[in-house]
Amino acid sequence: MSSQSADRGDSYVKAGAIVFGLGALATLVTFVPLFLHLTPLPTAAYWLSMLMPLGFLSALTGLLLSARDQRRRARARA
């Protein structure tokens, strides 16, 4: 275990993972009726699928912020 404090980007990564998961679930739910030839869901359900790329973008932003903070700490030690 590390004794260093959590980076700024860690919260972005956690939130991004949750939003990505919700978007993936919404994508599965919206495509099932299409494959089973059921009545398609309303348009709002398809908009919820857009949470997947939004979560991915948030997690990627968090990773970049964490890398930048880590690089700053390494420079400060040197």
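Residues are numbered from 1 along each chain as its sequence is written, and side-chain values use heavy atoms, with hydrogens and water left out. Because the model is predicted, local features need pLDDT of at least 70 and side-chain atom pairs count only at pLDDT 80 or more, whereas totals for chains, interfaces and linings use all residues.

Helices are taken as DSSP runs of H or I with at least four residues, and strands as runs of E with at least two, numbered from the N terminus. Helix α1 contains 27 residues and reaches 38 Å from its first C-alpha to its last, close to the 39 Å expected at 1.5 Å a residue, where the expected span is 1.5 Å times one less than the number of residues. Helix α3 (residues 51-77) also has 27 residues, and its end C-alpha atoms are 39 Å apart, in agreement with the 39 Å that it should span.

Residues are called buried under 20% relative accessible area, exposed over 50%, and partly exposed in between, with a 1.4 Å probe and protein chains only. By this criterion the buried residues of α1 are Gly9, Gly16, Gly23, Ala26, Thr27, Thr30 and Pro33, and what covers them includes α2 and α3. In α3 the buried residues are Gly55, Ser58, Ala59, Gly62, Leu65, Ser66 and Asp69, and these pack against α1.

Thr30, which is found in helix α1, counts as buried at 1% relative accessibility, and its side chain reaches the backbone oxygen of Thr27 at 2.9 Å. With contact meaning heavy atoms within 4.5 Å, and leaving aside neighbours within four places in sequence, Thr30 is in contact with Leu41, Ala45, Tyr46 and Ser49. Leu34, also placed in helix α1, counts as partly exposed at 38% relative accessibility, and under the same exclusion of neighbours within four places Leu34 is in contact with Pro40 and Tyr46.

Leu34 also belongs to a nonpolar surface patch of about 620 Å², made together with Phe31, Val32, Phe35, Leu36 and Leu38. Such patches are made of residues with over 30% relative accessible area and no salt bridge, with nonpolar side chains (Val, Leu, Ile, Met, Phe, Trp, Tyr) joined within 5 Å and like charges within 9 Å; accessible areas come from the Shrake-Rupley method with a 1.4 Å probe, and for residues only the protein chains shown count as cover. Leu38 lies in the loop between α1 (9-35) and α2 (43-48) and is exposed, with a relative accessible area of 52%. His37 is placed in the loop between α1 and α2, is exposed at 73% relative accessible area, and has a phi near 55 degrees, a positive value in a residue other than glycine.

The structure holds one salt bridge, defined as a side-chain nitrogen of Lys or Arg within 4 Å of a carboxyl oxygen of Asp or Glu. The side chains of Arg72 and Asp69 meet in this salt bridge at 3.9 Å, N to O. Because Arg72 and Asp69 are three residues apart in helix α3, they are separated by about one helical turn. Arg72 is partly exposed, with a relative accessible area of 47%, whereas Asp69 is buried at 12%.

Conventions: Polar contact = N/O pair within 3.5 Å; in protein donor to acceptor, adjacent residues only side chain to side chain.
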